[in-house]
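Subject: Structure handover, aromatic contacts

Hello,

Here is the structure for you to look at. My notes on its aromatic rings follow below.

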Amino acid sequence: MTPLERALHERIKSEGPITVEAYMEACNSYYYATRDPLGARGDFTTAPEISQMFGEIVGAALADCWVRAGSPQDAVYAELGPGRGTLASDALRVMRNVGFSGEVHFVETSPVLREAQRAALPDADWHESVDELPDKPLLLVASEFLDALPIRQQVNGVERRVVIAAGGLAFDRDGDIVESSPARDEAVAAIARRLASDGGVALVIDYGHSHSAPGDTLQAVRRHGYSPVLANPGEQDLTSHVDFESLARSAREAGASVTPLVSQEEWLNALGIGQRAAALATANPERADELADAVQRLTGGDEMGDLFKVIAIHAPGWPAPPGFE
Ligand code: SAH
């Protein structure tokens, strides 16, 4: 048994069955607090870890928006769940080049990943939640952050729970599942309220679907492969599809403007990943194959290009970032 599994057994024995939401929250808190899960030797690889081009394009999109908003000097770079800080490093290199000199603020709960981020961006400030970000215009990014926040599952309107059966963890019911995520809705609303009151823009990049639909999308990934959701609690990454329709509604209800949703392939192509790869390959001919491979992984329809999607939330008074026309 994993240490968390033992703790969950004790919790269920004393409290009774726990909701899927409580299970996911307990597993991911433990998982992220105890390791750096990214990269070949970890459990999964994310877009910024595939290539510097990803973060550079995020930086170019935020910089474009900031310049068109009149280059407000008090604007800050903010990122939710920055992983190893790779995206922030790549994005800020581009943003600094156009004169952005604002502060860097990270929302991160994992002490292990905070250390990795500190090594990449020593001058950043860290926060526990979106509400702690400074009251300043935000240039905000959330890449594969929302998918890790807990979801509820309901079967015929009844909350799905985790119980102990035959000595192991099991779901208390199966059937047609409807998912929702109060934690995501609240995180999005918090971002949107902040943008509406202080200005700025947020890019949200994640995997998921464009319209709310019933279905079980909870999944576990360990060592670059799928694993049963109730196996190895706390030792594998639990995520679910982000419902972008619900996300857009939460953002609008909190007073922000929302762009159309586009696929990662459309967005990266619109912002010139092809030209960026060609320029890098000309300067570094020995990297041509690696760059072509990265473009394929980021934009390929059978890789990240179609499943991953991008949407922007912005202050009503701020321009929408490029790439969503
Ligand atoms: N954005 C990075 C890492 C994605 S992994 C990338 O694309 O490479 C998810 C990140 O969110 C990790 O940094 C993890 O520690 C953080 N995270 C997960 N749940 C969180 C929560 N509730 N609050 C703050 N950060 C969280």
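There are five aromatic pairs in this structure. Rings of Phe, Tyr and Trp (its six-membered ring) count as a pair if their centres lie within 6.5 Å; planes under 30 degrees apart are stacked, over 60 edge-to-face, and the rest tilted.

One of the pairs is Trp66 with Phe100, edge-to-face, at 5.4 Å centre to centre and 85 degrees between the planes. This pair links distant parts of the chain, 34 residues apart. Trp66 is in helix H4 (residues 52–68). Phe100 is in the loop between helix H5 (86–97) and strand S3 (104–107). Helices (H or I, at least four residues) and strands (E, at least two) are DSSP runs, numbered from the N terminus.

Trp66 is buried, at 3% relative accessible area. Phe100 is buried too, at 2%. Buried means under 20% relative accessible area, exposed over 50%, partly exposed in between (1.4 Å probe, protein chains only).

Next, Phe106 and Trp126. Their ring centres are 5.8 Å apart and their planes stand at 65 degrees, so this pair is edge-to-face. Phe106 lies in strand S3 and Trp126 in strand S4 (residues 125–127), so the pair ties together parts 20 residues apart in sequence. Both residues are buried.

Now the charges over rings (NZ of Lys or CZ of Arg within 6 Å of the ring centre and within 35 degrees of the ring normal). Arg118 lies over the face of Trp126, 4.5 Å from the ring centre. Arg160 has its charged end over the ring of Phe171, 3.7 Å from the centre.

The model is predicted: local features need pLDDT of at least 70, side-chain atom pairs count only at pLDDT 80 or more, and totals for chains, interfaces and linings use all residues. Residues are numbered from 1 along each chain as its sequence is written, and side-chain values use heavy atoms, with hydrogens and water left out.

Best wishes
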